[in-house]
Amino acid sequence: MRAFGMYNYLHLDSWSQDNVYYVDQSGRVMNLSVTLDTSLQKPREVFRLPADLTACDNRLCASIYFPSSTWVTLSDGTGRLYLIKTGKRGDSASEKWEIVFNEELGSPFIVAHSVSFVKSGTHSVAVLLLRVEKDELDTKGSGFHVTLEWVTIAEMSKEGDHQYEICRKRVLQGKSVPHYAAIEPSGDGLMILTYKPFKSIQQEEEKLVENDDAKTANEKKDPLYYWQQTEDDVTITIHIPQDITKDDIKVHFSPENICVTLKDQPPLMEGKLHSSVDHESCTWIIKENKSLEISLIKKNEGLRWPELIIGDTNGELIMDTEMSECLMHLTSEEMNPNPEKENPPCNAQELEECDAFLEDSATLCRFDGDTLQVTHVINLGSNQYLFSAVVDPREMPCFCLRHDVDALLWQPHPDQPENMWEHIATFNALGYVQASKQDKKFMACAPDYSYSALCECLRRVFIYRQPAPLSTVLYNRKEGRQVGQVAKQLVATLEANDPILGFQATNERLFVLTAKTLFLIKVNTGN
């Protein structure tokens with residue numbers, strides 16, 4: 001349901017924001033263009049899928065992504081991917097959609113993201129395909145897994161003829177639908193924001209081959225240890241047998257290694273740590289519940305460890321709520337025009353039932369494109385994912401997270417390792433307001449952050465403007481102070497009873513698609 005039931009059928013061309021597209025039931029890609037401020041041209045067919053879509057029983061919705069101003073990636077929902085050269089879109093004289101590559105790629109998928117880039121003089125398009133597939137090995141869980149297939153299509157020259165072919169495929173697998181998944185503009189990495197982790201299938205297969213005998217003997221083995229981390233330290237917990245005493249335990253620390261042994265047995269855990277520690281400050285104690293607790297002090301404070309011991313799979317990371325520490329200084333106190341400094345931004349006891357959400361902790365990971373190893377991990381704790389938005393089509397999509405009552409917009413910068421996720425905007429109180437909208441379906445914001453918006457499944461659209469100066473004097477009677485700025489909320493009710501199927505925001509207007517009608521809502525006046 002999360003992957004396909006809430007799919008946004010309306011596609012905004014971020015390279016030409018007066019243009020939106022949808023695929024109709026006949027497989028026609030239809031374009032609607034804004035001409036005179038709020039007037040729409042008639043729907044214009046720009047492309048028709050050649051395959052007969054009705055022949056496929058388990059067909060998904062067709063999906064589109066615009067990796068550049070002249071290229072389109074398109075899935076017909078049956079498992080076939082199209083790479084299309086369009087010419088300059090938005091210009092009917094030069095716009096012509098031509099297929100340069102199409103191939104059957106297995107079970108049905110949707111296009112989650114795509115980028116266009118040139119390396120060493122060769123043009124490539126990288127596409128991220130999302131599937132939900134049956135998992136025959138999963139007998140205790142849902143019986144399904146989520147697959148992200150990262151396909152790179154490059155221009156090849158054969159006997160003077162230029163054509164596009166798949167040059168690389170990479171597959172990641174997980175147990176939950178990612179909230180956010182995007183390829184870096186250079187094609188060198190991938191970022192995924194998800195509730196449950198994703199792993200490279202290739203790495204998993206290599207591990208299976210290497211550890212085949214061990215895994216047969218120890219199938220479904222419980223973790224030997226659990227670990228968690230803060231910005232400053234790492235805490236390891238190991239359950240030990242009842243008859244083990246303090247004298248039976250040997251823990252050896254060095255700046256880059258750790259070794260733990262019980263009695264004269266082989267080491268319980270041993271190896272090179274992910275990063276250096278202050279070994280003279282590391283300690284261990286036996287807790288009352290007969291567990292051994294080891295504290296490691298990080299030398300590089302603030303560095304997140306994706307693993308404890310390099311290559312060791314015997315432990316399990318326990319997530320905590322550290323992202324809230326990182327975000328604390330970015331809440332509405334700083335951005336509000338008249339903050340009440342003495343009051344905390346949020347009191348947990350004041351939150352209502354609607355504020356509770358199921359997936360308590362999501363993780364943001366960056367995967368290296370060559371090795372598919374995780375290079376960066378951030379635990380988002382209770383900072384709920386709300387929506388994603390394209391602010392600049394040349395950059396990665398932004399993602400919006402709830403923090404206390406607010407919503408913070410983050411822009412990934414993969415080329416800036418020291419500032420990889422930049423806070424670029426705050427929508428005051430949006431985190432709290434959206435939680436009360438039980439029927440919400442889509443959320444969006446203007447690329448210039450001037451407003452945020454959400455729509456319900458039927459009829460109603462809510463628009464929340466950023467605070468703006470008042471032209472008249474207004475006093476807060478309760479506190480006896482003058483109010484300098486006010487943030488306005490607007491509600492639009494559509495004259496339609498059909499479900500809302502698509503929702504897109506530009507700086508000036510909102511596009512809302514139902515099964516029969518496209519509505520245009522003017523929000524801001526153009527310059």
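1. Let's start with arginine 131, which is found in strand β10. Bear in mind throughout that this is a predicted model. Arginine 131 counts as buried, at 3% relative accessibility. Its side chain reaches the backbone oxygen of serine 107 at 2.8 Å, and it also makes a polar contact of 2.6 Å with the side chain of glutamate 149. Leaving aside residues up to four places away in sequence, arginine 131 touches Leu105, Gly106, Ser107, Pro108, Phe109, His145, Val146, Thr147 and Glu149.

2. Next, the salt bridges. A search of the whole structure gives 18 of them. Aspartate 24 is buried, at 18% relative accessible area, whereas arginine 28 counts as partly exposed at 28%.

3. Arginine 28 has another partner: its side chain meets that of glutamate 45 in a salt bridge, at 3.9 Å from N to O. Glutamate 45 sits in strand β4 (residues 44-48) and arginine 28 in strand β3 (residues 28-33), so this pair ties together parts that are 17 residues apart in sequence. Glutamate 45 is partly exposed, with a relative accessible area of 34%. If you check that 3.9 Å yourself, note that the cut-off for a salt bridge here is 4 Å.

4. What does lysine 175 pair with? The partner is aspartate 135, and the closest N and O atoms of this salt bridge are 3.5 Å apart. Both residues are in loops: lysine 175 lies between β12 (161-174) and β13 (180-183), and aspartate 135 between β10 (122-134) and β11 (144-158), so the pair ties together parts 40 residues apart in sequence. Lysine 175 counts as partly exposed at 37% relative accessibility, while aspartate 135 counts as buried at 16%. Elsewhere, salt bridges that share partners join Asp18, Glu508, Arg509 and Lys522 into one network.

5. On to cysteines. How many disulfides are there? The count comes to 0. Take cysteine 445: the closest cysteine sulfur to its own is in cysteine 400, 6.7 Å away, which is too far for a bond. Cysteine 445 is buried, with a relative accessible area of 4%. Cysteine 259 counts as buried too, at 18% relative accessibility.

6. Aromatic rings come up as 7 pairs. In one of them, tyrosine 180 and phenylalanine 399 have ring centres 5.3 Å apart and planes at 70°, so the pair is edge-to-face. Tyrosine 180 lies in strand β13 and phenylalanine 399 in strand β27 (residues 398-403), so the pair ties together parts that are 219 residues apart in sequence. Tyrosine 180 is buried, at 4% relative accessible area, and phenylalanine 399 is buried as well, at 1%. Ring pairs also link Tyr21, Phe47, Phe66, Tyr82 and Trp97 into a cluster.

7. Rings meet charges as well. Which ring does the charged end of arginine 170 sit over? That would be tryptophan 150, with the charged end 3.8 Å from the ring centre. Lysine 437 lies over the face of phenylalanine 462, at 4.7 Å from the ring centre.

8. Last, a residue in a loop. Asparagine 300 lies between β22 (291-297) and β23 (315-317). Is asparagine 300 buried or partly exposed? At 42% relative accessibility, asparagine 300 counts as partly exposed. Its C-alpha atom is 7.8 Å from that of valine 277, which is 23 residues apart from asparagine 300 along the chain. Not counting residues up to four places away in sequence, asparagine 300 touches Ser275 and Ser276. With serine 275 there is also a polar contact between the side chains, at 3.2 Å.

Terms used. Residues numbered from 1 in each chain as written. Predicted model: local features only at pLDDT ≥ 70, side-chain atom pairs only at ≥ 80, totals over all residues. Heavy atoms only, no water. Buried < 20%, exposed > 50% of the residue type's maximum accessible area, 1.4 Å probe, protein only. Helix = DSSP H or I, 4+ residues; strand = E, 2+ residues; numbered from the N terminus. Disulfide = S-S within 2.5 Å. Phe/Tyr/Trp six-rings, centres within 6.5 Å; stacked < 30°, edge-to-face > 60°. Lys NZ or Arg CZ within 6 Å of the ring centre and 35° of its normal. Contact = heavy atoms within 4.5 Å. Polar contact = N/O pair within 3.5 Å; in protein donor to acceptor, adjacent residues only side chain to side chain.
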